[in-house]
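Hi everyone, thanks for coming. Have a look at the model on the screen, and then I'll talk you through a few spots in it.

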Amino acid sequence: MIRLSPYDGYQRLIDAMREWGVRTCFGVNGGGVIHLLKHLAPYAHRPRDDDAIEFLNINEYVAGFMPLGHYLSSGRVAAAVATTGAATKLLLCGLSDAKLHNLPALYLVAATPSELRDRAPLQDSTESGANIVAQIAAELPHGTFVIDDLSRLDAQLSAAAHELANSAPVAFVLPPDVLNAPMPEQAAAASIRASSSPHLPADTVLERHLAPRRGARTLLLVGDEAHAVPDIAALTTQLCSALDAPAVWSINGANAVAHDNPHAAGYLGFGGSAQAARLWESLGRDDTLVSVGYCGDEYTVNFAKAKAGLVWNLAERVPRYGSRDGSFAHLADGEFVQTVAPLRETVAAISRWSLSRARAETQPSGTAPPLPAERERGRCRPDSVDLVDFYRRLDRLWRPGSIGFDDVCMAYKDRQHVLQRPHPHMRFYALYRGSAMGGAYGAGLGAKAADPRRHVFVFSGDGCFRLYGGALAEAAALGIALFVLDNGSYGLVEQALEHVLPGVQRERYHGGLAQADYAAIAAASGWIGRRLRPDLANLDELMARAYSADRPSMLIQVPVDAAQILGTNPRIANL
């Protein structure tokens, strides 16, 4: 970092970022942020252990999602930056998904000096223009910080650090006329009140709530928040065994379930299994639902409340989004209790309690029956890849150190439907709550920037490609592998509208896309561009290339048929 004299607001902000572990910033330089970014070195793609902050120049829509993938890959916070105007609005698409998925990320956006209000400045962000502060604050009421008084900067930085530590994104709004000034003496910071959540110790719940229900059927729900807990897959297996409970899970909750967990019943909801759906729907007043990070979103439970007589949520922290005053009681029909403590300690307490109690059942009830080997395939054209074979073949080819991101396309429904179990070498994530098309590309780039040694795979669609296709060249050297499912349409839309708009002419779906040669576009951008053969004859070869070291990024064009319908989409009933 360049050290300029005197020490100004920009330099203090950058020092704070370094204290938070930020090492990479993504975005585009421009008028409102040039005095910030002059302190950062250009990004160089290599493993590193220094504490300098580097800047990767890439368009704002893509940049906004990169801190999310960066965190999911490494557990470290990264930053995204934009100047005033449309750049800020593009960047904030990623901020929305960070909020909806409770992921810590730092967003730095420029602001028009307030004294220029009503004077028609370029890219006016004041109240008379875009009123960008009000827009951001409406989305992040606790995490929006306008740096308009340098004497309060340390207090704002302390409050922002608190938000990030609680897995929430933060946004700093940067008026350049303020931050260029020397740092003054700091005002005393107000104390930060720690957020509280309803909590009962595990031993209390076991004796007061579970003991009277001994012999009741129990189901384990593994939610999105569970993935970040160390050794979580082993812990959920232990929990299933102690409670004699089958397990179902959300899309990202799969990363907290072991591949060989004998109690595993499959994904719940979007792309889920019929077995998991039956377990969820059959819950009644005599049953108990234990959740590891309760997940009540539309794609998981389709707005249905848990019908169990008792819902016990286990969490190391309760996320702000999705809960109400730190509780999920509003999503339960019956009694709701919650234990907020290190999960390893909670599982140990449950295991001790289980061993000390005689089982009410004569036969164990929690082992899930084997998942069906064959699934409904749907029909596809001869010139298209059969997606069932595609995902099964891929599942045999994953290697250790892999991470994948499913975009808002057929991939983020069909993969889990076909496989139903997580893979021991591959973690898959989907930013499905915001469902911003193209976001997976930015998340994948962020994951690769966090650790260049990690094998990063992105599964996107030809519709999603329109959102990031202009940002391929900047990522050519990063070495990700991008599968583009090419069906010449917005496939998920067309699949849904067959049910939502019966009798309407297909042309009125407005789902068609112009054909394009995505492999050639990639090759022209410095990538390796390849096409997967419909019979998958070259899949092994392509995957071997994808796992090779020191290669450019690689795009694999996959011909698919939108008419091959796999997996469930419960949301169709809400349209």
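Predicted model: local features only at pLDDT ≥ 70, side-chain atom pairs only at ≥ 80, totals over all residues.

Residues are numbered from 1 along each chain as its sequence is written, and side-chain values use heavy atoms, with hydrogens and water left out.

Okay, helix α3, residues 60-74. By the way, helices (H or I, at least four residues) and strands (E, at least two) are DSSP runs, numbered from the N terminus. This helix has 15 residues and reaches 22 Å from its first C-alpha to its last, close to the 21 Å expected at 1.5 Å a residue; the expected span is 1.5 Å times one less than the number of residues. Where does α3 bend? At M66, by about 25°, and a proline, P67, follows within four residues. That bend is the angle between axes fitted to the seven residues ending there and the seven starting there.

Now the ends of α3. N59 caps the N-terminal end, with a side-chain oxygen 3.1 Å from the backbone nitrogen of Y61. After the helix comes G75, which has a positive phi, near 75°. And why do I call α3 largely enclosed by the rest of the structure? Because 14 of its 15 residues are buried, where buried means under 20% relative accessible area, exposed over 50% and partly exposed in between, using a 1.4 Å probe and protein chains only.

Next up, Q557, in strand β19, residues 554-559. Is Q557 buried or exposed? It's buried, with a relative accessible area of 8%. Its side chain reaches the backbone nitrogen of Y518 at 3.0 Å, and the backbone nitrogen of A519 also lies 3.0 Å from a polar atom of that side chain. Not counting residues up to four places away in sequence, Q557 touches several others, including V484, D486 and R530; contact here means heavy atoms within 4.5 Å.

L140 is buried too, at 5% relative accessibility, and it sits in the loop between α5 (132-139) and β6 (144-146). Leaving aside neighbours within four places in sequence, it's in contact with L95, K99, P169, V170 and A171. V170 is 30 residues apart from L140 along the chain, but their C-alpha atoms are separated by 7.2 Å.

How much space lies in the largest pocket? About 810 Å³. Of the 44 residues lining that pocket, the closest to its centre are Y299, Y412, Y432, S435 and R571. Helix α17 gives the most to the lining, with five residues.

How do we define these spaces? On a 1 Å grid over the protein atoms alone, a cavity is a set of points where a 1.4 Å probe fits but cannot get out, and a pocket is an open set with protein on both sides within 12 Å along at least five of seven lines; lining residues have an atom within 4 Å of a point. Grid points are joined across faces, edges and corners, and a volume is the space filled by probe spheres set on the points.

A120 isn't a glycine, but has a positive phi of about 55°, and it counts as exposed at 69% relative accessibility. D325 isn't a glycine either, and its positive phi is about 55°; at 70% relative accessibility, D325 counts as exposed.

Conventions:
Polar contact = N/O pair within 3.5 Å; in protein donor to acceptor, adjacent residues only side chain to side chain.
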